[in-house]
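User: I would like to learn how to read a few features of a structure, taking each one as a general idea and then as a case. Could we work through an example together?

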Amino acid sequence: MSEQLEQIDILEQSDVSLLETLDHVLNRGLVIAGEITISVADIDLIFIGLNVLVSSVETANEVVRKRG
Amino acid sequence: MSVKTLCDKQMNLAFYVYCIAERAAAAELAAGSLPPAIEEDSKLEWLSSGDLAALISEVPLASYSEESLAEHLSDPSWTAVRAMRHETIAEYVAKRAAVVPLRFGTIYLERAGIERMLSEKGRELREILERLRGREEWGVNVFCDQSVLMSSITSVSPVLRDLTERAAQASPGQSYLMQKKIETLKVDEARAALNRNVEQVEQTLGEQSVDAKRLRVLKVEATEHGELKAKFAFLVTKSEFDAFRDAAERLAQEHQSAGVRLELTGPWPAYNFTRIE
């Protein structure tokens, strides 16, 4: 699957499960300081960004459907 | 420096660590049957040290150095796709073995660094694995429909019922003042009733599980699904899940008339229970 197709696939899952997943993976789990340290972005910001993306994907699909 | 390490450095690779399991359990999970790695062109592999094994995959240093990661993480879709892959992998292992899920972005520059971590933290990791064996995490979200709660509150609160009856018989002027008092009381009583409901969820399901954690409600959850009032994570023994679910369903029925709705999510790898108490 191409990266973009998979992204859309992932984003179209229910909002709650994606948000719950992001919250688990990004904010929880055992913290082990590896050799590269990261500070994970604010999950609220990520989710708002995703919603913008989802609605732009939906708009794009809408346009495609109307053309077809 | 070993030839392998030299090779990794020359190829500008780093190593992403997903989770940690027991070596014997890992041996049963052939790397070939595992889900895709965080970067699809690389393969998952188990890296063992002593009786523990870390599930890892190679990642390009070009994308996973501190600097590029900071940039990538500000891209929501990049982050979401990787977080989902991380979760799919941890979930696959958690269904089949005791596992310690790591937080997103645990990255090493050399395999040797991971081996060292496994041996240095071995005792702690074995303790967590022991605690999580045969158990899984379930999430419980408590939603509340404010209008249902508000209208149900008068019938369950004796003070409010009394005031409402008296207001109906009072003179128009008195009745007006009493109505204002009733509205204020309603808000207080509704808040108190909701708190009692939430406490009961925590206590009842806490008794049906090994451990419980109250989680913060994210800002987006508060705005998007306006009514999410509380979130919990419970560590539940797999063989006792039916009793846990039954208790959750009974709670949902009891609180339904007060506008309270329960949502069960899971099973999750035990992300919320990886700390030694």
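User: How many of the 10 residues of strand β5 (residues 135-144) of chain B are buried?

Analyst: This is a predicted model, and burial is judged here by counting neighbours, a residue being buried if 20 or more other C-beta atoms lie within 10 Å of its own. In β5 of chain B, 9 of the 10 residues are buried, so by the cut-off of 20 the strand is mostly covered.

User: Which strands pair with β5(B), and in what sense?

Analyst: Pairing is read from the bridges between strands. β5(B) pairs in the antiparallel sense with strand β7 (residues 228-237) of chain B over 9 bridges, and also in the antiparallel sense with strand β8 (residues 260-268) of chain B, here over 7 bridges.

User: Why does B:E115 count as partly exposed?

Analyst: The class again follows from the neighbour count: B:E115 has 17 C-beta neighbours inside 10 Å and therefore counts as partly exposed. B:E115 lies in helix α6 (residues 111-120) of chain B and, leaving aside residues up to four places away in sequence, touches B:L47 and B:S49. B:S49 is 66 residues from B:E115 in sequence, yet their C-alpha atoms are 5.6 Å apart in space.

User: At what angle do the axes of helix α9 (residues 158-169) and helix α10 (residues 172-207) of chain B cross?

Analyst: A helix pair is described by its crossing angle, its handedness and the residues that meet. The axes of α9(B) and α10(B) come within 10 Å and cross at roughly 165°, and because angles over 145 degrees count as roughly antiparallel, that is how these two helices are classed. Their crossing is left-handed. Among the residues of α9(B) in the contact are B:L160 and B:L163, while those of α10(B) include B:M178, B:I182 and B:L185. By class, this contact has 7 nonpolar, 3 polar and 4 charged residues.

User: How many residues of chain A and chain B are in contact?

Analyst: The size of an interface is often given as the accessible area lost when the parts come together, but here the description rests on residue contacts. There are 34 residues of chain A in contact with 41 residues of chain B. On the side of chain A that touches chain B, α1 (3-11), α2 (15-27) and α3 (43-67) each supply at least two residues, and the largest share, 10 residues, comes from α2(A). The residues of that side divide into 20 nonpolar, 7 polar and 7 charged.

Notes: Residues are numbered from 1 along each chain as its sequence is written. Chains are lettered from A and ligands numbered from 1 in the order in which they are written. This is a predicted model: local features need pLDDT of at least 70, side-chain atom pairs count only at pLDDT 80 or more; totals for chains, interfaces and linings use all residues. Two residues are in contact if their C-beta atoms, placed from the backbone, lie within 7 Å. Helices (H or I, at least four residues) and strands (E, at least two) are DSSP runs, numbered from the N terminus. Ala, Val, Leu, Ile, Met, Phe, Trp, Tyr, Cys and Pro count as nonpolar, Asp, Glu, Lys and Arg as charged, and the others, Gly among them, as polar. A residue is buried if 20 or more other C-beta atoms lie within 10 Å of its own, exposed if 12 or fewer, and partly exposed in between; C-beta atoms are placed from the backbone. Two strands pair if DSSP finds at least two bridges between them. Axes are lines fitted to C-alpha atoms, for helices over the stretch in contact, and angles run from 0 to 180 degrees between N-to-C directions. Angles under 35 degrees count as roughly parallel, over 145 as roughly antiparallel, 65 to 115 as roughly perpendicular and the rest as oblique. A crossing is left-handed if the near helix is turned anticlockwise from the far one by less than a right angle, and right-handed if clockwise.
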